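Here are some friendly notes for a colleague opening this structure for the first time. Please keep the view at hand and take the points in order.

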Amino acid sequence: MSNTDIEIVVEDPTAPEADSPQMASVRVVDVVVCLLLLALALTLGYDNWRTGAGWESTGPQPGYFPFYLSIILGGASLYGLVAAFLSRRESSESFVTQAQLRRVMAVFVPTVLFCLATQFLGLYVASFLLISCFMRLVGKIALWKSLLTAFVFTAAMFVTFDVAFDVIMPKGPLEAALGR
Amino acid sequence: MEALGLLMHGFAVLLTWKTLLLMMTGLVLGIFVGVLPGLGGPNGVAILLPLTFTMDPTSAIVMLSCIYWGALFGGAITSILFNIPGEAWSVATTFDGYPMAQQGRAAEALTAAFTSSFIGSLVAVMLITFLAPMISSFALRFGPPEFFAVYLLTFCSFVGLGREAKHKTVISMSLGLLLAGIGMDTVSGQLRMTFDSAELLRGVNFLVAVIGLFGISEILLTMEERLALRGHAAGISLRVVLSVWKDLPKYWVTLFRSSFIGCWLGITPGGAIAASFMGYNLAKRFSKDQDSFGKGRIEGVFAPETAAHASGTAALLPMLALGIPGSGTAAILLGGLMVWGLNPGPLLFVEHKDFVWGLIASMYLGNVVGLVLVLTTVPIFASVLRVPFAAVAPMIVVSCAIGAYAIQNAMFDIWLMLGFGVVGYVFKKIGIPLAPFTLALVLGNRAEDAFRLSMIGAGGDLKVFWSNGLVGSITTLAIVLLFWPVIDKAFGSVTRMLRPAKA
């Protein structure tokens, strides 16, 4: 009847602090998203109106559906905008705190760099770099473990997709040098 | 019983070493996905989908559906041992499962969870076996107007019955429909919303969007949380399994009730999450000893798990019979069908008998194999959580990128996936539901085609949607459901006016 049989413990030393200052409230993000959606609705609506949003004898023209959908989207975002301005309840709710944002960026920025690297170095090299650097720099895991994990994972992916299943991935100079 | 004969044929298709091996692989991968934080059923299926592109459709769907079963099983492990629901639908399992583990009855709770999951899906699969062929043969008579009416019904019920703020559901759905329309218009061949970009010519691929929305965004969300955990380890001995199974008949009412709720909510777009909570609450309400719930009562594990699995499985029924997915994961499986060149819908039962019955047979077999697998390997999977997230996160990112690229061999899709990741993260945090978006994206083109084909057939007359009893009642029902909250409110105020004394 006690907690003495706890056998698995995983610590999270870099966990975001609970009292971290808030970076943005839900309300602000709500407003920004609604404005963006409204802009999108206007752009798409205009483009579809240009394509032809009328009704022919055989039914709607190609732009008909998307045009009215743009109007619905625009209307719903306008409603959301008004609702966000009028609500007081949500105004204090936090969208993201500083500490949380730091952690999210710690994944997001490497992911963007990984996509860039994939474009120029090929996917396998990029994934090796991503996994090893992420484990070492963000996870503070021993260098040899990081390099080994990254190598094993990348190699396993290469064997699975390129060799066994013939799924072609973006490749770069390294693969070219190895003749694959 | 034509269905039984066909089912036997399905088993015959499946019972090869290669398929069984794929099944095991799928189940193991699925349990991994279910146990790991930041991944779930839809993400797992979406990320692993590219692996199946080179297989034949039957093997591919067997593997994918096994990943799905595995994820359903895996969610229970973390919620009982660690009090961390790996999936939203396992939240209700933690209420009684974790207290049981604290009392040293983890093995019992796990056995109960796996067994009831198994029972739940079994009931739902039987429902599929007998109902799906009937519905699909009925739907074979559908023309474009009927199909459009059914699509309309799906969309409207999401808006009308969803729990989120209505305008947010509408935003999510219209955005999905708009994105589905990008690219070449299939009826007239004209280009729409491409803004002269060669990359947009292909359109926005559904699976790329899903990988971003569910995979990438889930990692961003997980990073926000505190990832420390403490939990119990448990091995399951045969003795415990047998003693739980011996008690099983005592709980037949709970099991039956939860299966029913699960099947019902799975077919209608309610989903496994709602089903598990409803199963739990009803078991509690009908219990003689309500206070003991939440303190480690085995019924509190049986009820939500049975309902969640029944619902997760039943969600495949409308997908198979009508080509309309009942859940996010079903939508992704539907996307897979299209990649393999199969046209989801009633014709599937006629044109691809092997495939359909192979899939249904794999549901039976996958659940049996899955049950044995999880009962024997729980300790291994529990220790998967020891792997630091810093090692798991980049691997998930790489898998997502591989998945997104493999679909159309386009680098642009990797960037698109990244964009959808950000969109998914923001949407989840401000409460815009992603399920309507997914559904709209996968059904958008089919719905529009159905509408325009019926317009061409009827010479542009909208009355075609009320031209006979069947299509008319579906269309009317759709419109009623769309305005259901308003109607419900109106009814409510009328009743209140008639009975002012009670208020």
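**Notes on a predicted complex**

1. Let us begin with burial in chain A: 31% of its 180 residues count as buried. Please bear in mind throughout that this is a predicted model.

2. How does the radius of gyration of chain A compare with that of a compact globule of 180 residues? Such a globule would have a value near 16 Å, but chain A has 25 Å. Along the principal axes, the C-alpha atoms of chain A fill a box of roughly 65 × 55 × 35 Å.

3. Chain A contains six helices and five strands. Their order along the sequence is β-β-α-β-β-α-β-α-α-α-α. Among contacts in chain A between residues at least 6 apart in sequence, those joining residues at least 24 apart make up 63%.

4. Chain B has 503 residues, of which 61% count as buried. Its secondary structure consists of 22 helices and three strands. A compact globule with 503 residues would have a radius of gyration near 23 Å, and chain B agrees because its own value is 23 Å. The box filled by the C-alpha atoms of chain B is roughly 70 × 65 × 50 Å along the principal axes.

5. Which contacts does chain B make along its sequence? Counting contacts with a separation of 6 or more, 79% are between residues 24 or more positions apart.

6. Now for the core. The largest nonpolar core has 217 residues, and the members that touch the most others are B:Ile67, B:Ile80, B:Leu110, B:Ile211 and B:Met417. Helix α4 (residues 57–81) of chain B provides the largest share of this core, with 16 residues. As background, nonpolar side chains tend to be buried together in soluble globular proteins.

7. Leaving aside residues up to four places away in sequence, B:Ile211 touches B:Ala46, B:Ile47, B:Cys400, B:Gly403, B:Ala404 and B:Met417.

8. Helix α19 (residues 411–430) of chain B is worth a look too. At 1.5 Å a residue, its 20 residues should span 28 Å, and the end C-alpha atoms are 30 Å apart, so the two agree. Just after α19(B), B:Gly431 takes a positive phi of about 80°.

9. Next comes the place where the chains meet. The contact takes 72 residues from chain A and 65 residues from chain B. On the side of chain A that touches chain B, the elements supplying at least two residues each include β1 (6–10), α1 (26–52), α2 (64–86) and α5 (143–164) of chain A. Which element gives the most to that side of chain A? The answer is α3(A), with twelve residues. By class, the side of chain A that touches chain B has 46 nonpolar, 17 polar and nine charged residues.

10. Finally, a word on confidence. Chain A has a mean pLDDT of 83, with 91% of its residues at 70 or more. Within chain A, β1(A) has the lowest confidence, at a mean of 67, and α4(A) the highest, at 91. Chain B has a mean pLDDT of 82, and 96% of its residues reach 70 or more. In chain B the lowest confidence is in strand β3 (residues 229–232), at a mean of 71, and the highest is in α19(B), at 91. For the complex, the predictor gives an ipTM of 0.88 and a pTM of 0.84.

Note on methods. Residues numbered from 1 in each chain as written. Chains lettered and ligands numbered in written order. Helix = DSSP H or I, 4+ residues; strand = E, 2+ residues; numbered from the N terminus. Rg over C-alpha atoms; globule rule 2.2 N^0.38 Å. Buried ≥ 20, exposed ≤ 12 C-beta atoms within 10 Å, placed from the backbone. Contact = placed C-beta atoms within 7 Å. Nonpolar A, V, L, I, M, F, W, Y, C, P; charged D, E, K, R; others polar. pLDDT = per-residue confidence, 0-100. Core = buried A, V, L, I, M, F, W, Y, C linked by C-beta atoms within 7 Å. Expected span 1.5 Å × (residues − 1).
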